[in-house]
Amino acid sequence: MIADRLPVIIGNRGPCSTNIFNLLDYLLFVKWITETVQEQALPPANRKVRAREMKTIRQQLIEALMDRKMTAIDLSQEVGIGEKEVYEHLPHIARSVASQGNKVAVEPPRCLKCGFVFEGRKRFTRPGRCPKCRETHIQNPSYAIRRR
Ligand SMILES: [Zn+2]
């Protein structure tokens with residue numbers, strides 16, 4: 001309805017300060033068109049798109065890990081996601097890599113105070129505290145995909 005009136009506003013009088021109502025209409029129209037364009041620019045928030053994005057991120061993470069040692073922080077910078085998100089992707093990546101006969105090798109985290117190594121840790125995240133000296137300064141684990 002505002003759009004219907006636009007050619008009249010622009011063609012006959014234009015948005016000028018002497019005609020405050022038309023100016024207001026014009027500004028409303030500009031606001032409306034801007035919002036519409038912005039809305040259309042946004043990806044539709046449906047599950048399929050989300051799944052596709054996830055797949056792409058995982059694919060990027062897998063590529064980043066191929067024959068290269070990376071910490072979760074390295075990976076988060078490489079792919080542009082949060083460190084926490086990297087930890088969420090890692091178990092899925094380990095499974096999909098394993099299905100191709102490859103393996104995610106983990107260099108275990110190590111206590112930076114006493115040197116305790118967290119061998120055989122199942123989780124990908126960094127441990128909070130050293131069981132030996134109780135220190136919380138723990139080196140990040142790093143990961144790499146080893147081809148069979
Ligand atoms: Zn320690």
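**Entry 1: arginine 134**

I began with arginine 134, which is exposed, since 10 other C-beta atoms lie within 10 Å and a residue counts as exposed at 12 or fewer. I note that the model I am reading is predicted. I located arginine 134 in the loop between E2 and E3. Its phi is positive, about 70°, although arginine 134 is not a glycine. I recorded this because most residues other than glycine have a negative phi.

**Entry 2: aspartate 67**

I then looked up aspartate 67, which is not a glycine and yet has a positive phi of about 55°. I found aspartate 67 in the loop between helix H3 (47-65) and E1. Is aspartate 67 buried or exposed? Aspartate 67 is exposed, because 8 other C-beta atoms are within 10 Å.

**Entry 3: the sheet**

I turned next to the strands. Strands of a sheet pair through backbone hydrogen bonds, in either a parallel or an antiparallel sense. Here I traced an open sheet of three strands in the order E1-E3-E2, and the pairing is antiparallel. Strand E1 (70-71) and strand E2 (103-107) are the edge strands, each pairing on one side only.

How many bridges join E2 and strand E3? I recorded five bridges between E2 and strand E3 (residues 142-146), in the antiparallel sense. Within E3, isoleucine 145 stands opposite valine 104.

**Entry 4: a helix across the strands**

Finally, I looked up which strands helix H5 lies across. Helix H5 (residues 83-99) lies across E2 and E3. I noted that helix H5 runs at about 135° to E2.

Key:
Residues are numbered from 1 along each chain as its sequence is written. This is a predicted model: local features need pLDDT of at least 70, side-chain atom pairs count only at pLDDT 80 or more; totals for chains, interfaces and linings use all residues. Two strands pair if DSSP finds at least two bridges between them. Helices (H or I, at least four residues) and strands (E, at least two) are DSSP runs, numbered from the N terminus. Two residues are in contact if their C-beta atoms, placed from the backbone, lie within 7 Å. Axes are lines fitted to C-alpha atoms, for helices over the stretch in contact, and angles run from 0 to 180 degrees between N-to-C directions. A residue is buried if 20 or more other C-beta atoms lie within 10 Å of its own, exposed if 12 or fewer, and partly exposed in between; C-beta atoms are placed from the backbone.
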